[in-house]
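Here's a quick tour of the model below.

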Amino acid sequence: MFEARPINRQNQTIERIWRGVFLAMTLVLVIPVLVILGVLVVRGGPMISWAFLTTEPTNGMTEGGVLPALLGTIALVLVALIASVPVGVAAAVYLSEYAADNWLTRTINLAIINLAGVPSIVHALFGLGAFVLFFQFGTSILAASLTLAVMALPVVIVSTRESLQAVPMAFREACWNMGATRWQTIRTVVLPNSISGILTGVILEVSRTAGETAPIMFTGAAFFLPFLPQSVYDQTMALSLHLFVISTQVPGVPDGLPYGVALVLVGIVLLMNSVSIAFRTWLRGRKKW
Amino acid sequence: MADPAAVQTQAFNLWYGTFQALYDVDITVAAGRITSLIGPSGCGKSTLLRSINRITERLGYVRTTGSIEVYGHPIIGPAVSLVQVRKQIGMVFQRPNPLPLSIRENVLFGWKLHNEGPKATRAQEDEIVEQALRTVLLWDETKDRLAHTATGLSLEQQQKLCIARLLPVKPRLLLMDEPCSALDPKGTEAVEELIWTLRGAYTILLVTHNMAQARRASDDCAFMLMGRLVEHRSTNELFVAPEDPRTGDYIEGRYG
Ligand SMILES: Nc1ncnc2c1ncn2[C@@H]1O[C@H](COP(=O)(O)OP(=O)(O)O)[C@@H](O)[C@H]1O
Ligand SMILES: [Mg+2]
């Protein structure tokens with residue numbers, strides 16, 4: 001009575017095939033990542049030492065450490081964060097909480113999504129024209145960070161807006177119907193319930209800019225600087241450009257060195273991501289509901 | 001009449017875009033009583049209720065003509081503050097919608113929004129919370145977990161909380177849109193009982209599709225059909241001897 005019938009067995013087979021297809025696609029995605037990380041660790045791992053992180057490159061960048069590039073990348077990302085987060089979050093709050101749903105808003109939303117797809121070299125040229133030349137920041141940390149910030153903005157806006165829209169409409173309506181203004185509603189209900197999502201999105205996106213090379217190449221990152229930058233108006237080295245330079249432009253670089261630099265870069269991005277995840281967990285823990 | 005009516009509409013029409021949902025509604029709701037609003041689904045009960053605290057206008061495509069006065073004061077017009085309208089006229093919805101805050105903060109939410117005086121002390125706030133929760137018969141169940149999330153309460157408790165949070169700002173009129181229809185029979189009974197205890201202290205306008213509820217829980221009853229007010233009398237009279245044949249057909253269950 002309960003034995004499998006031919007149709008059941010047939011469906012079973014189809015089920016197994018599809019399961020296999022999806023699993024295979026997942027592996028196609030995961031394996032390269034693991035291989036890359038593996039290669040980096042195996043070949044770059046031996047390079048990593050305290051001295052590597054805390055000394056400057058020497059001997060035509062074929063020896064020594066990565067300190068100026070490491071600090072430069074951190075500075076670039078921090079300034080980009082400070083520049084893009086307030087603007088991006090405020091814009092997303094406006095678009096999600098205030099703007100009426102009309103053709104203008106829809107056009108702006110579409111423009112933002114398209115902006116997120118603009119190649120980074122285009123942002124680089126924009127940054128050069130706008131920040132280096134027009135605003136006369138020169139090639140500097142400030143100009144490079146602002147260029148990174150402009151590049152990160154659309155994604156920050158989109159991810160923030162998604163977090164805001166994940167807050168159920170019923171909460172807003174409950175507030176409005178008690179006579180709360182838009183801002184009171186945003187402050188007391190919408191932001192507290194979306195802040196962890198917003199921050200995660202923002203930090204993930206901005207840490208992604210740590211790896212960008214093109215936007216900072218013309219605007220503030222130097223091939224080689226024998227000293228550390230003193231202010232945001234100075235140029236700086238950066239890990240991504242340093243990696244590009246020693247891999248392609250400098251003769252006689254030992255085999256493991258680029259891998260070591262790459263490992264530091266990946267490490268710092270992972271570190272920032274972990275911080276953002278820890279931060280989110282902490283915020284969630286503080287919520288009493 | 002010395003005492004102005006709680007709600008008085010005159011020739012009130014409402015359009016959603018080109019669709020007219022209310023036709024020339026003239027209704028006078030007596031102060032301090034419970035008035036139920038009945039009628040088949042889609043006849044405009046919610047629309048009328050929502051017009052009275054002006055939620056409908058949030059939809060950009062709504063247009064109205066005619067007037068609505070609450071306790072003798074117009075609620076539509078350039079001199080009217082929407083915030084004051086919403087403060088004096090509390091609204092309860094079909095699905096309980098407590099905020100994702102603690103029970104205590106839910107009760108204090110509206111009060112904090114509208115408080116113009118100095119910030120209350122903890123003790124004053126405790127007092128407000130206790131009084132509101134006692135009024136809605138929720139105090140004994142929640143007094144030991146005021147700091148807990150409101151969304152962890154049962155639907156019945158959530159709905160009572162949604163009523164409780166209106167009370168600290170001392171509204172005079174409570175609008176309830178099918179407040180029991182998401183609840184089980186026991187919850188329905190409990191919330192009905194609560195509504196009955198609020199009678200007198202507040203004017204209550206109660207939309208319901210449950211005729212037994214209208215009969216049990218209201219002093220007056222208004223019957224609407226296809227956007228028009230058909231009949232509005234004391235509940236008893238309306239159910240025993242309806243004047244309009246359409247009312248009779250409806251209460252005898254001839255309109256689905
Ligand atoms: N937001 C809206 N947009 C357009 N039409 C609506 C909207 N809300 C309600 N209506 C229409 O208005 C009529 C009355 O609806 P409603 O007031 O919700 O009726 P009831 O509460 O009596 O069931 C219905 O025909 C409904 O389709
Ligand atoms: Mg309705």
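Let's begin with Met176(B): beyond its neighbours within four places in sequence, Met176(B) is in contact with Leu49(B), Val92(B), Ile163(B), Ile195(B), Leu198(B), Ile204(B), Leu205(B), Leu206(B) and Val207(B). Keep in mind that this is a predicted model. The largest nonpolar core has 62 residues, and Met176(B) is one of the members that touch the most others, along with Leu99(B), Leu133(B) and Ile204(B). Another core lies apart from that one; it has 33 residues, including Leu148(A), Ile216(A), Ile246(A) and Val250(A). As a general point, nonpolar side chains in soluble globular proteins tend to be buried together.

Now for the place where the chains meet. Chain A and chain B bury about 1700 Å² between them, and 67% of that is on carbon and sulfur atoms. Chain A brings 17 residues to the contact and chain B brings 18 residues.

What about specific pairs? The rule picks out one salt bridge across the interface of chain A and chain B. In this salt bridge, the side chain of Arg58(B) meets that of Glu173(A), at 3.7 Å from N to O.

On the chain A side, helix 7 (169-176) and helix 8 (182-208) each supply at least two of the residues that touch chain B. Helix 7 of chain A gives the most, with six residues. Sorted by class, the chain A side that touches chain B looks like this:

| Class | Side of chain A that touches chain B |
|---|---|
| Nonpolar | nine residues |
| Polar | six residues |
| Charged | two residues |

Last stop: Ser36(B), which is found in strand 4 (residues 34-38) of chain B. Is Ser36(B) buried or exposed? Ser36(B) counts as buried because its relative accessible area is 0%, and the cut-off for buried is under 20%.

So what surrounds Ser36(B)? Setting aside neighbours within four places in sequence, Ser36(B) is in contact with Leu206(B), Thr208(B), Ala214(B), Ser218(B), Asp220(B), Cys221(B) and Ala222(B). With Ser218(B) there is also a polar contact, side chain to side chain, at 2.9 Å. Then there's Gln213(B): 177 residues separate Ser36(B) and Gln213(B) in sequence, while their C-alpha atoms are 8.9 Å apart in space.

Methods: Residues numbered from 1 in each chain as written. Chains lettered and ligands numbered in written order. Predicted model: local features only at pLDDT ≥ 70, side-chain atom pairs only at ≥ 80, totals over all residues. Heavy atoms only, no water. Core = buried A, V, L, I, M, F, W, Y, C linked by side-chain atoms within 4.5 Å. Buried < 20%, exposed > 50% of the residue type's maximum accessible area, 1.4 Å probe, protein only. Contact = heavy atoms within 4.5 Å. Buried area = accessible area lost by both parts, 1.4 Å probe. Salt bridge = Lys/Arg side-chain N within 4 Å of Asp/Glu carboxyl O. Helix = DSSP H or I, 4+ residues; strand = E, 2+ residues; numbered from the N terminus. Nonpolar A, V, L, I, M, F, W, Y, C, P; charged D, E, K, R; others polar. Polar contact = N/O pair within 3.5 Å; in protein donor to acceptor, adjacent residues only side chain to side chain.
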